[in-house]
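Let's walk through this fold piece by piece, starting from the ground rules and ending at a single side chain. Keep the viewer open as you read.

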Amino acid sequence: MRKFVRGFFHLLFPYYCVHCEHQLFEFEHVICESCISKLPKSDFNFKSGNPVERIFWGRVPLELASSFLTFSKKGIVQKLMFEFKYNGETGVGYKLGKLYALDILKMKAAPKWDIIVPIPLHRSKLRKRGFNQCELIAEGMSAGLQIPYSSKHLMRTVNNPSQTKRNRSERWNNVDSIFETAKTGELEGKHILLIDDVVTTGATLESACRELLSIPSVRISIVTLAFPE
């Protein structure tokens, strides 16, 4: 009965793909299967010495670092990320996070983590936007990987200006000491998977890692949804 009601509701109020805007089938959600098949996945998923890992060499010690997709101007990922972050299509973040998790589980030696921690927004920006895009990605990855995620352990205490159009040095100065940790005892000895949406210079992620690494025996891996080509 529930399946019939869901199908009938979908018939009356059809949903459309966030990217191509074609009507979704009942079994599809947010992004159609055709667009999913066209997602430009990175070819370096957790490979040693990959471009994301190299960003952090000599800056912070990481267990692993990688990105799910490659990001190009006017490409499918840019469209999805824009709709996600600025047009309120929050289901995109959850969907892509879960797709990434399912890809990770297909690996012969899938990495193991204890907890997922998203990069937080400052409370004023969170009120304005209404959601934290990284938390939604983390929620999708948590559902796929079947490990918990938490937004209570890492907090953004400074509402720093946008990183756009800043050089590497300016970006680091802009994010230095903007995070604080809470309930650190719950993270002691844990392998944390730190989540962000896009990595460029890595300044924000580095700042978050430095704060988390003050917790005894913590290990950190980083993943992002996208990496610029």
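A residue counts as buried when its relative accessible area is under 20%, exposed when that is over 50%, and partly exposed in between, using a 1.4 Å probe and protein chains only. Helices (H or I, at least four residues) and strands (E, at least two) are DSSP runs, numbered from the N terminus. This is a predicted model, where local features need pLDDT of at least 70 and side-chain atom pairs count only at pLDDT 80 or more, while totals for chains, interfaces and linings use all residues. Residues are numbered from 1 along each chain as its sequence is written, and side-chain values use heavy atoms, with hydrogens and water left out.

First, the overview. The chain has nine helices and six strands, and 48% of its 229 residues are buried. Contact means heavy atoms within 4.5 Å. Take the contacts between residues at least 6 apart in sequence: 73% of them join residues at least 24 apart.

Now for the sheet. Two strands pair if DSSP finds at least two bridges between them. Four strands make an open, parallel sheet, in the order E1-E6-E5-E2. At the edges sit E1 (65-71) and E2 (115-118), each pairing on one side only. Neighbouring strands are turned by 20 degrees against each other on average, direction ignored; the axes behind such angles are lines fitted to C-alpha atoms, for helices over the stretch in contact, and angles run from 0 to 180 degrees between N-to-C directions.

Go across it strand by strand. E1 pairs with E6 (residues 219-228) in the parallel sense over six bridges, and Ala65 stands opposite Ile222 in E6. Seven bridges then join E6 to E5, again running parallel, with Val198 opposite Ala226 in E6. E5 and E2 pair in the parallel sense over four bridges, and here Ile115 faces Ile192 in E5. Seven of the eight residues of E5 are buried, so this strand is largely enclosed by the rest of the structure.

What packs on the sheet? H4 does, touching E1, E5 (191-198) and E6, and its direction makes about 100 degrees with that of E1. Helix H5 (residues 91-105) packs there too, touching E1 and E6 at about 125 degrees to the direction of E1.

Zoom in on H4, which spans residues 76-86. Its buried residues are Ile76, Val77, Leu80, Met81, Glu83, Phe84 and Lys85. An α-helix has 3.6 residues a turn, so residues three or four places apart point the same way. After H4 comes Gly88, with a positive phi near 75 degrees.

Which residues does Leu80 touch? Not counting residues up to four places away in sequence, they are Val18, His19, Ile31, Leu39 and Val92. Leu80 has a relative accessible area of 1%. Val18 is 62 residues from Leu80 in sequence, yet their C-alpha atoms are 6.9 Å apart.

Finally, look at Glu28, in the loop between helix H1 (2-12) and helix H2 (33-37). Glu28 is buried yet has no salt bridge, and the nearest side chain of opposite charge, Lys95, is 8.5 Å away. A salt bridge would take a side-chain nitrogen of Lys or Arg within 4 Å of a carboxyl oxygen of Asp or Glu. On charge, Lys and Arg count as positive and Asp and Glu as negative, with His and the chain ends not counted. The Glu28 side chain does reach the backbone nitrogen of Glu33, at 3.0 Å.

Methods: A polar contact is a pair of N or O atoms within 3.5 Å; within protein, one must be able to donate a hydrogen and the other to accept it, and residues adjacent in sequence count only if both atoms are side-chain atoms.
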